Amino acid sequence: MSVETAEEPGWEVDPDDEWGVAVIATVGRQLRLRREAVGMRVPEFATAVGYGEDLVYKIEGGKRIPRQEYLDKADEVLGAGGLVSASWEDVKKVRYPRRVRELAKMEAQAVEIGVYECNSVHGLLQTADHARTLFEAAQPPYSQDDVERMVAARLARQSVFDRDPAPSIHFALEEAVVRRKVGGTMGWRQQLEHLLEVGALRSVTLQVMPTDSDAHPGLDGKIELLKFPDGTAVGRSDGAFNGRPITDPKQLRILELRYGTIRAQALPPRESLAFIEHLLGET
């Protein structure tokens, strides 16, 4: 793989993310100082790590977020004994967009998560290919680099399923969502298989709302509810409170009532998984 054609191992820094900007600037400065300390010029270093000079300048200037493989290669070339590689521990905390980090932080702290989705499979349930297809369908289009960054961020949030003890997570999806063949038949099949896998977890309940059901409180749009160990909660609904996140107990009770009604009206978890298995049989 030539220097000119190598895929750039990093992401652009969001200038509005003050913490992210500070971390990446510090890492870039340390990389530059180490390179200069061993007497390597940028062209020589770029050739040694296998990436373009422009990328080296961007990373050292704090304009681009390096991926782990870049840091590992730089550590090897500079003979840093693991110190450059260790900077990944700081970088990985800011590698995703700030709003995604904030959402992931809340999900990581929640003891209960409730979601109703009517437009697409929820991010916590998406396969990589499903997420990538959705991001690539956006208009105006994202750059491929941004697509891969957002896919990685979405998958990283799914570590919530691995927590011990795991939070109680409830999903209610419209039938149209699980029927939509995002990514073609093969991608759709893989997504259905993933839904069955996640739905079988003891900490998860997955329900499908049949298309032929009567009207219900979720027809205005998505609902999300997160509850925390200290008894506080945060919620959001496309069809209530102007779509803003809310923490007021009275407003939260309204969302809980709506979400509870949706769950009562949807297929029970066992029937929902059987429904998804039936769809798989049709592929």
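**Sheet, helix packing and aromatic pairs**

In this predicted model, an open sheet is built from five strands, arranged in the order β5-β4-β3-β6-β7 and with mixed pairing. The edges of the sheet are formed by β5 (204-209) and β7 (233-237), each of which pairs on one side only, and neighbouring strands are turned against each other by 5 degrees on average, direction ignored. Within the sheet, strand β3 (residues 112-117) and strand β6 (residues 223-227) run antiparallel and are joined by five bridges; in this pairing, E112 stands opposite K227 in β6.

Turning to the helices, α2 (residues 42-49) packs with α4 (residues 68-78) at an angle of about 115 degrees, the two axes being 9 Å apart, and the crossing of α2 past α4 is right-handed. On the side of α2 the contact is made by F45, A48 and V49, while α4 contributes Y70, K73, A74, V77 and L78. Classified by residue type, this contact of α2 with α4 comprises seven nonpolar residues and one charged residue, with no polar ones.

Two aromatic pairs are found in a search of the whole structure. The rings of Y51 and Y70 have centres 6.0 Å apart and planes at 45 degrees, so this pair is tilted. Because Y51 lies in the loop between α2 and α3 (53-60) and Y70 in helix α4, the pair ties together parts that are 19 residues apart in sequence. Y51 counts as buried at 12% relative accessibility, and Y70 likewise counts as buried at 1%. In the pair of F135 and Y142, the ring centres are 6.4 Å apart and the planes stand at 80 degrees, so the arrangement is edge-to-face; here F135 is buried, with a relative accessible area of 11%, whereas Y142 is partly exposed, with 41%.

Conventions
Residues are numbered from 1 along each chain as its sequence is written. This is a predicted model: local features need pLDDT of at least 70, side-chain atom pairs count only at pLDDT 80 or more; totals for chains, interfaces and linings use all residues. Side-chain values use heavy atoms; hydrogens and water are left out. Axes are lines fitted to C-alpha atoms, for helices over the stretch in contact, and angles run from 0 to 180 degrees between N-to-C directions. Helices (H or I, at least four residues) and strands (E, at least two) are DSSP runs, numbered from the N terminus. A crossing is left-handed if the near helix is turned anticlockwise from the far one by less than a right angle, and right-handed if clockwise. Contact means heavy atoms within 4.5 Å. Ala, Val, Leu, Ile, Met, Phe, Trp, Tyr, Cys and Pro count as nonpolar, Asp, Glu, Lys and Arg as charged, and the others, Gly among them, as polar. Two strands pair if DSSP finds at least two bridges between them. Rings of Phe, Tyr and Trp (its six-membered ring) pair if their centres lie within 6.5 Å; planes under 30 degrees apart count as stacked, over 60 as edge-to-face and the rest as tilted. Buried means under 20% relative accessible area, exposed over 50%, partly exposed in between (1.4 Å probe, protein chains only).
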